[in-house]
Amino acid sequence: SLADGKPVSLSPLESQPHSPRYMASSQRERESLEVRMREVEEENRVLRKQLSLAQSRSPSHHRGNRSKTYSMEEGTGDTESLRAGIVAGNSSECGQQPAVEKCETIHVAIVCAGYNASRDVVTLVKSVLFHRRNPLHFHLIADAIAKQILATLFQTWMVPAVRIDFYDADELKSEVSWIPNKHYSGIYGLMKLVLTKTLPSNLERVIVLDTDITFATDIAELWAVFHKFKGQQVLGLVENQSDWYLGNLWKNHRPWPALGRGYNTGVILLLLDKLRKMKWEQMWRLTAERELMSMLSTSLADQDIFNAVIKQNPFLVYQLPCFWNVQLSDHTRSEQCYRDVSDLKVIHWNSPKKLRVKNKHVEFFRNLYLTFLEYDGNLLRRELFGCPSEADVNSENLQKQLSELDEDDLCYEFRRERFTVHRTHLYFLHYEYEPASDNTDVTLVAQLSMDRLQMLEAICKHWEGPISLALYLSDAEAQQFLRYAQGSEVLMSRHNVGYHIVYKEGQFYPVNLLRNVAMKHISTPYIFLSDIDFLPMYGLYEYLRKSIIQLDMANTKKALIVPAFETLRYRLSFPKSKAELLSMLDMGTLFTFRYHVWTKGHAPTNFAKWRTATTPYHVEWEADFEPYVVVRKDCPEYDRRFVGFGWNKVAHIMELDAQEYEFTVLPNAYMIHMPHAPSFDITKFRSNKQYRICLKTLKEEFQQDMSRHYGFAALKYLTAENNS
């Protein structure tokens, strides 16, 4: 108790009975411990003085004074967790935490490469954002794939007081490629060694994290530990919690040299300015060269080299309490780092098994991880009050656009959706595709939500070419999709399908935004604009490529129409030829698409002519025409004002016509719409009068915009609409 006037020694982790340092009985260690105890007593005296001063102030004065320090009232280090930490012997850092200014920027460096690591980074960042009270500056050492994914993600996430800088990991390969590495992280697992050279020269300190880290507290607590570094201490590390470096895991096990158990590099505090002065670059290179003469390769990537350097220079390390890196690989001593939930600070899934690791409390850790995995990232867009943030052009433009809208307008929500920025995670799964060299390659483009997920396998079986899909999902649904895809042999065997997650926000389904996202991220010169509930005929991919050459698509503005049909049967023997399709059409098994509810949508295709056609034929645009087409990838985007149900494709076809695209029907191509329950949006359209009124208003405004943009030629759209 601090109240009884007696000093309480919040001793460091290494002085606990279970620590090897405690067991040592040398005179030097006893003297060092006495010095440390005197230091702690002095710190506690100052702390008691501060507490007594705080108690003498009024509550309102206390609240007004919290702008400078990271205090118990402000962060996660509340009285309960402090008390629990004292009991566990783990909270030596919390009770007397040096001040971290409220608006001080915390710098975090992460090495990230590839599709899977990009997903892991998002979960890590969520856990940091959830607890944080300070501005953050992430320094991401990323390959081209991770940069594309994460740059788009953070740009669309728009989290206040968060800055992102990227550093090209591929440019750093030459710095470490000479080091043979057996670890599953590959060459990227060595790149933390060159951070002093990679990060800005004026950056003095940084927290370095692995992608498989989850925070359970405010990262400012860890940042505050830098103030405890003394002398030549430049690395803050947690002791390795496995027996790896003791060399007794199996017969002839020969690890790299390390001090005792060694240190784990999943969480590192780097004093960059001092490391540069010490010539860190030269230090680690010489050590690595020397050890590789006998070790031949690293087993644990950068961790082996860090430990070899520390073995030679133990004065470099400030040993962090082990709750700053609770390592959940098999057979670790991690359970000694905590006695209560409140003791946990950082969880490290440092086993290839990840969530399947063996640990007595793994279920609790797994649930904590899954909480952030499925947590709605939109809720993390909260302001840091009192902290000035850098001007964000995108955010300012968005606010300006929204301020110009009339909130009393009955169609306000429709208009607002046009400007909503949806958080977007590109290439959620591994993607690998090189377009055909003959410049005829075509990508099928579609969008979907969770209720159409069952169509994916069927489409993949019908279309062997590349596919670009935009999925409108919540964070939790994105994880369900991931599990579904990873459990599907069909989907996992296809690396030419790009899955782009657009996260849910607002009350409308942003159908045209989704189409634009899918259209934008393709690598082929042509796109087939389809919908997820259509199955293309077998062989359509190759047929379209031949048609592209035959119709000179490269040098002409054409939109190739794939005639659309539908069935009302959930189980359909899919026609393998045009002749078979015509037979099913005659028998009433198939129908021309929407003939019974929206004839105008596809009537201009001229199905009567298509029945006997053997060569492509030209058709004219008509009002409400909305065929499925193949176009060059430089075609106009879909208009975002149309959301949910109604006019989303019609407006796009109208714009193609305004830009003088020639509509050409393919005589031997077809696609079939499969039955499904009505979407939520079409239900709203049918039942909500205001929805229909707003859609009509948006149509009129779109036509007026067309007239302004395309002039006299666009008057026919107004005339056609009035006559229809």
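A residue is called buried when its relative accessible area is under 20%, and A301, with a relative accessible area of 2%, is therefore buried in this predicted model. A301 is found in the loop between α11 and α12, where its phi is near 55°, a positive value in a residue other than glycine. Most residues other than glycine have a negative phi.

The chain that contains this residue has 724 residues, of which buried residues make up 55%, and its secondary structure comes to 26 helices and 23 strands. Among the contacts in the chain with a separation of 6 or more, 79% are accounted for by residues 24 or more positions apart. The pLDDT averages 84 over the chain, and 82% of the residues score at least 70. Over residues 1–25, however, the pLDDT is below 50, although this stretch has 50 contacts in the model beyond near neighbours in sequence. The pLDDT is likewise below 50 over residues 54–95, a stretch with 73 contacts in the model beyond near neighbours in sequence. Where pLDDT is low, the predicted coordinates should not be read in detail.

The two helices on either side of the A301 loop also meet each other: the axes of α11 (residues 280–295) and α12 (residues 302–312) come within 9 Å and cross at roughly 100°. Angles of 65 to 115 degrees count as roughly perpendicular, and α11 and α12 are therefore roughly perpendicular to each other. On the side of α11, the contact is made by W280, M283, W284, T287, A288, R290 and E291, while α12 contributes I305, F306, A308, V309 and Q312.

A second pair of helices is formed by α5 (residues 114–131) and α13 (residues 362–373), whose axes come within 8 Å and cross at roughly 90°, which makes α5 roughly perpendicular to α13. In this pair, D120, T123, K126, S127, F130 and H131 of α5 meet Y369, F372 and L373 of α13. The residues of the contact of α5 with α13 divide into four nonpolar, three polar and two charged.

N606, in the loop between β19 (591–592) and α22 (607–612), has a positive phi of about 65° although it is not a glycine. With a relative accessible area of 32%, N606 is partly exposed, whereas A301 is buried. S242 lies in the loop between β6 (235–239) and β7 (263–271) and is buried, with a relative accessible area of 14%. The side chain of S242 makes a polar contact with the side chain of N240, at 3.1 Å.

Y431 has its place in the loop between β11 (424–425) and β12 (442–449), and its relative accessible area of 13% means that Y431 is buried. Leaving aside its neighbours within four places in sequence, Y431 is in contact with Y115, P466, H495, N496, V497, G498 and S523. One of these residues, N496, is 65 residues from Y431 along the chain, yet the C-alpha atoms of Y431 and N496 are separated by 5.8 Å.

Terms used:
Residues are numbered from 1 along each chain as its sequence is written. This is a predicted model: local features need pLDDT of at least 70, side-chain atom pairs count only at pLDDT 80 or more; totals for chains, interfaces and linings use all residues. Side-chain values use heavy atoms; hydrogens and water are left out. Helices (H or I, at least four residues) and strands (E, at least two) are DSSP runs, numbered from the N terminus. Buried means under 20% relative accessible area, exposed over 50%, partly exposed in between (1.4 Å probe, protein chains only). A polar contact is a pair of N or O atoms within 3.5 Å; within protein, one must be able to donate a hydrogen and the other to accept it, and residues adjacent in sequence count only if both atoms are side-chain atoms. Axes are lines fitted to C-alpha atoms, for helices over the stretch in contact, and angles run from 0 to 180 degrees between N-to-C directions. Angles under 35 degrees count as roughly parallel, over 145 as roughly antiparallel, 65 to 115 as roughly perpendicular and the rest as oblique. Contact means heavy atoms within 4.5 Å. pLDDT is the predictor's confidence in each residue, from 0 to 100. Ala, Val, Leu, Ile, Met, Phe, Trp, Tyr, Cys and Pro count as nonpolar, Asp, Glu, Lys and Arg as charged, and the others, Gly among them, as polar.
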